[in-house]
Every structure is written in C-alpha cells, then in structure tokens.
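Let us walk through this structure step by step, beginning with a pair of helices and moving on to the domains and the ligand.

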Amino acid sequence: MTQLDTNQPYALVMRGIVKRFPGVLANDHVDLALYPGEVHALLGENGAGKSTLMNILSGLYRPDAGQIIINGEPVTFNSPRDAIRRGIGMVHQHFMLVPTLTVAENLILGQDDIGFILDYTALEAKVAELSQKFGLAVDPHAKIWQLSVGEQQRVEILKMLYHGAKILIMDEPTAVLTPQEVEELFKTLREMAAVGHTIIFISHKLDEVLEIADRVTVLRRGKVTAVVDTAHTTKAELARLMVGREVLFRVEKKPANPGNPILEIQNLNAKNDRGLPALRNLSLTVRSGEIVGVAGVAGNGQVELAEVITGLRPAESGKILVHGQDITNKPATAAIDRGVAHIPADRTGVGSAPNLYLDENLIMKSYRHPPISKGWAINLSEAFRQAVQLIKRFDVKTPDVKTPARLLSGGNLQKLILARELSREPEAIIAVYPSRGLDAGATEAVHRRLIDERDRGSAILLISEDLDELLSLADRIVVLYEGQIIGEVPPKDELVDEIGLMMAGTKIQAGD
Ligand SMILES: Nc1ncnc2c1ncn2[C@@H]1O[C@H](COP(=O)(O)OP(=O)(O)OP(=O)(O)O)[C@@H](O)[C@H]1O
Ligand SMILES: [Mg+2]
C-alpha cells in the first residue's frame with residue numbers, strides 16, 4: 001500500500017517481501033524504507049510479522065518473494081554472515097553470546113579472517129574505541145555470565161559494531177531492561193544515529209517508540225498499514241493503527257474488597273543463583289480479592305521471590321503458607337495443587353516447553369487431575385478440546401493446536417502461558433511481568449483478566465517494573481529493594497516520585 005519513492009537516498013529498502021509458514025502468511029508484500037541516520041520503529045500486534053521481517057533482513061530466513069536493496073544495490077543473503085558483511089546486524093531478544101567466554105572472545109567469535117595469532121592489543125583498542133564512541137561501557141576481560149542483562153546487551157551491540165554494522169536491528173531490546181538501562185540504551189542509539197547508522201527498533205511500549213524513533217512503520221497481519229512520523233502522531237493513534245480499534249491504557253476497576261489472607265510469607269530468606277542473599281527476612285500477606293503490586297528495579301529479588309513461593313527455589317529460612325498450609329520447600333506440585341498460578345519471568349525456560357505442542361503445553365499443570373487424567377492415562381481428546389477453547393478465549397494466534405510452542409511469536413507464547421495459568425481459577429496468582437512482550441491490545445486484555453480474577457476472589461501478587469501497570473492494577477504497592485520490602489504505598493499517580501526514590505533504596509513515608 002505504501003509508495004516507495006526510489007529517488008530518495010535510502011540506506012535500505014525492503015520491497016514486496018513475502019514470507020509464508022505452514023498455515024500463516026507472516027509477511028504479505030511488505031515494504032520498508034529506511035534513511036541513513038534514522039531510528040525507525042517497527043510496530044504491530046503480536047504475530048504481525050515483525051520478527052519474521054527482521055529475520056529476513058538479517059539473513060536468517062529467505063523471503064518467498066521480494067527484494068532487499070542496500071544503497072541502491074539489490075542483495076541476497078544466505079546467512080547472517082552475508083548480512084553482516086553488508087553492514088546489517090541484529091540483536092535478538094534472546095542473546096546469542098557464549099556465557100563461559102569473555103567479552104573480547106565473544107566479539108571475535110565466528111569471524112573468518114583471524115589468523116593464528118590473535119592481536120589482542122588491537123582488538124582491545126578497537127573495543128575501547130567503540131565503547132567510548134557510543135557509550136557502551138563493558139570490561140573486555142569479563143566473562144559473559146558475570147554480566148547483567150543490560151551489559152550483555154551492550155556486548156551484543158558492540159559485537160555488531162565491531163563487525164561493521166551500519167544498520168542495527170533491535171528486536172524488543174527494552175523488554176528486559178530496567179528504566180535506567182533503557183535511558184542508557186537510548187543514548188547509545190542516538191549517538192549511533194548521529195554518525196549515520198540506521199536503527200530498526202521493535203517495541204510494544206508506545207511511549208518508548210515516541211521518544212526514540214523518527215518514523216514508524218506499522219504492521220498488521222503481515223501487511224504494512226501505515227508509515228508515520230513520530231512528530232505528527234500520538235500514543236492513541238499508534239495503538240489504533242496497530243490494533244484497529246481504540247485501546248484503553250488504563251482499565252477501570254472497582255475498589256478492592258479484600259477477604260481472608262491466602263498467601264502468607266513470613267521472614268523469608270533465600271539465595272540467588274550466585275549463592276548471595278536475594279531475599280532478606282521478607283514478610284508479606286496477600287488476601288483474597290486484592291492485587292498487591294511489588295515495585296522495584298529488576299534484580300532486587302523479584303524473580304527469586306516468585307520462585308520460592310512456587311517451589312522452584314529453596315528457602316533458607318522462613319515460611320510460605322497458602323490457606324494456612326505450609327508449602328515451604330515442598331515440590332512445585334504443592335503450590336500448583338493448592339491453586340497457586342505462576343506467570344514466570346522466563347517464558348521459554350520455566351514457562352513453556354518449546355518443543356511440545358500447544359495442547360501439551362496447556363495441560364502441563366492439569367494432567368494429574370480429572371478430566372484430563374483418566375486413571376493412569378491422559379485423556380488426549382479432552383486435552384485437545386480444552387486447548388482449542390483456551391486458544392480461542394485467550395486469542396493465541398496460531399495456525400493449529402498441534403504447533404510446537406517455539407514457533408509462536410513472542411507475545412503469543414506469553415498469551416499461551418496466561419491461558420494455562422489463569423484458566424484454572426487459581427486461588428493465588430504470582431504474576432511476574434505479565435504484560436512483557438504483549439501488544440497494547442493484549443496488555444489491556446490481560447489487565448482486565450487480572451482484575452476479573454481479583455474480583456472472583458483470587459489473591460494476586462503482581463511483580464512489575466512498569467509503574468504505570470502497578471498504578472493501574474495494584475490495590476497497594478510494596479517496594480522491594482535488595483531483597484527487603486522497604487515500604488508500602490497506596491497506588492496514587494502523584495506518588496510516582498516517592499516510589500522511584502524508594503526503588504533506589506531511600507526509605508520514606510509516602511502517601512497516607
Ligand atoms: N519459524 C516459524 N515457523 C512457523 N511459523 C512461524 C515461524 N516464525 C514465525 N511464525 C509465525 O509467523 C507469524 C508472525 O510471527 P512473528 O514472530 O514475525 O510476529 P511478531 O510480529 O514478531 O510478534 P510478537 O510481537 O509477538 O513478537 C506468527 O503467526 C508466527 O506464529
Ligand atoms: Mg517478535
């Protein structure tokens with residue numbers, strides 16, 4: 001639908017790109033044109049075809065039809081190596097670094113023109129120069145596993161720059177970053193654009209898109225529906241272009257009507273993966289019919305808290321009670337059997353089995369009970385029937401129930417996990433970043449669902465980095481800092497600054 005003016009000095013043009021998968025037309029004659037020095041956002045519903053288009057551009061997939069033109073010259077890529085040779089590099093959402101190697105070693109990995117003797121001094125000088133130029137501070141000698149997620153992302157960007165990328169694709173780079181890290185990333189992206197690099201930025205966070213991008217291409221069901229300048233658009237318009245209807249950024253809810261305590265956490269202590277204290281003497285009660293929001297910068301014990309409650313991580317001391325029954329250090333099935341649902345931060349490791357079909361993923365928590373279990377056997381036709389219903393109800397976009405979970409788009413995988421967890425009418429819900437990777441429409445639907453669950457009487461612990469999400473959903477907010485709850489605040493918009501200070505470790509009396 002877009003007209004490409006071929007006389008423009010584009011750095012890159014993708015024209016008429018078509019990509020089919022079994023049962024899905026993921027890209028349907030997509031046009032995308034990028035100027036040198038621009039930050040261009042790619043926006044679209046979950047499953048709209050954004051990652052597919054970028055996988056084509058970065059040489060991972062071959063298009064069924066269409067052309068890629070760089071600086072006026074048509075090119076064909078047979079591998080990511082071909083793409084990087086032409087200056088196109090992609091930073092995937094799941095990093096592709098080798099954890100046991102150093103930063104420097106990761107940078108030269110896969111390079112084919114290294115001789116027998118590596119010139120480490122030259123390598124380090126180059127890394128230092130790039131780090132300096134684009135504000136990408138990392139220690140070249142550090143091992144990847146020692147780095148935070150934000151630092152690992154910097155290494156990925158450095159790696160692409162080191163290999164000569166002029167066009168950098170970032171697929172949902174901010175989904176895993178803290179707000180401070182997002183600001184640092186944006187500085188880097190601006191500096192790259194200032195020297196003429198082109199950045200393709202995928203995100204579902206419309207505020208971010210408006211802040212960082214110059215132009216936006218919107219995809220819907222594999223087709224381009226609009227190309228707009230961010231200077232002449234609004235959040236509401238972008239959402240409408242994506243979803244095809246008005247989107248509510250704040251869902252309505254009645255005041256909470258809390259009942260009995262369902263989840264009681266008493267003086268909990270636990271360690272993180274590195275054996276250091278992650279939770280310190282943490283006590284918290286969540287009652288039936290309330291949403292307790294946990295605010296905090298990632299890495300302050302959020303994930304460990306959810307894991308200990310759901311039996312995925314041992315408690316060093318302290319207690320976890322569900323309906324007064326002690327489930328501390330019991331197997332994960334103890335929490336599941338007491339009706340504790342878990343929407344985990346890690347979708348692919350903890351949340352789903354990538355190689356299993358959707359129906360198998362959906363019954364993972366109910367197969368031990370009727371009607372899915374039938375004596376010793378599993379009632380497969382019942383599982384299939386339920387799966388078909390859930391996929392419809394939770395709007396998981398897939399050609400077929402018998403699709404392996406790994407083939408779902410990022411947001412649709414999240415919807416699958418939500419379908420499994422919320423459909424069992426849970427007594428308590430531990431929701432960790434529940435809208436991560438979801439488009440604006442799906443986020444609204446999940447928010448509604450969590451409020452419905454609350455009103456049905458579920459006790460909800462909502463862990464989120466997104467203050468807007470916490471303020472719109474939570475009935476009260478506790479702030480987690482270095483494994484401790486350092487305060488509680490009512491969810492009022494005017495307290496954002498106080499909450500921010502508390503997230504940074506300042507103890508203050510907010511609200512009342
Ligand atoms: N390798 C594959 N095999 C089969 N189907 C695929 C494959 N990769 C993607 N798809 C399908 O193509 C469609 C587009 O997926 P894509 O990952 O490009 O969406 P997206 O816009 O990136 O969505 P999200 O915002 O959820 O990440 C989806 O229906 C997805 O299930
Ligand atoms: Mg995607």
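In this predicted model, helix α4, which covers residues 120-134, and helix α5, which covers residues 149-162, have axes that come within 10 Å of each other and cross at roughly 115°. That angle makes α4 roughly perpendicular to α5, and the crossing of the two helices is right-handed. On the α4 side, the residues that take part are Lys126, Val127, Leu130, Ser131 and Phe134, and they meet Leu158, Leu161 and Tyr162 in α5. Sorted by class, this contact between α4 and α5 has six nonpolar residues, together with one polar and one charged residue.

A second pair of helices can be described in the same terms, since two packed helices are described by the angle between their axes and the distance between the axes. The axes of α13, which spans residues 410-422, and helix α14, which spans residues 440-456, come within 12 Å and cross at roughly 10°. That makes α13 roughly parallel to α14, and α13 passes α14 in a left-handed crossing. Here Gly411, Lys415, Leu418 and Leu422 in α13 meet Ala442, Val446, Arg449 and Glu453 in α14. By class, the contact of α13 with α14 is made up of four nonpolar, one polar and three charged residues.

We can now turn to the division of the chain into domains. The protein is divided into domain 1, residues 12-243, and domain 2, residues 261-503, and the C-alpha centres of these two domains lie 30 Å apart. Where the domains touch, the contact takes 16 residues from domain 1 and 17 residues from domain 2. On the side of domain 1 that touches domain 2, helix α8, residues 235-243, gives the most, with three residues. The residues on that side of domain 1 divide into seven nonpolar, seven polar and two charged.

The last topic is the ligand and its surroundings. Ligand 1 is surrounded by 19 residues, of which the closest are Phe21, Asn46, Ser51, Ser409 and Gly411. The elements that give two or more residues to this shell are β2 (24-34), α1 (50-57) and α13 (410-422). By class, the shell around ligand 1 divides into eleven polar, six nonpolar and two charged residues.

Note on methods:
Residues numbered from 1 in each chain as written. Chains lettered and ligands numbered in written order. Predicted model: local features only at pLDDT ≥ 70, side-chain atom pairs only at ≥ 80, totals over all residues. Axes fitted to C-alpha atoms, helices over the stretch in contact; angles between N-to-C directions. Helix = DSSP H or I, 4+ residues; strand = E, 2+ residues; numbered from the N terminus. Parallel < 35°, antiparallel > 145°, perpendicular 65-115°, else oblique. Left-handed = near helix turned anticlockwise from the far one by under 90°. Contact = placed C-beta atoms within 7 Å. Nonpolar A, V, L, I, M, F, W, Y, C, P; charged D, E, K, R; others polar. Near = placed C-beta within 6 Å. Domains from an automatic or database assignment.
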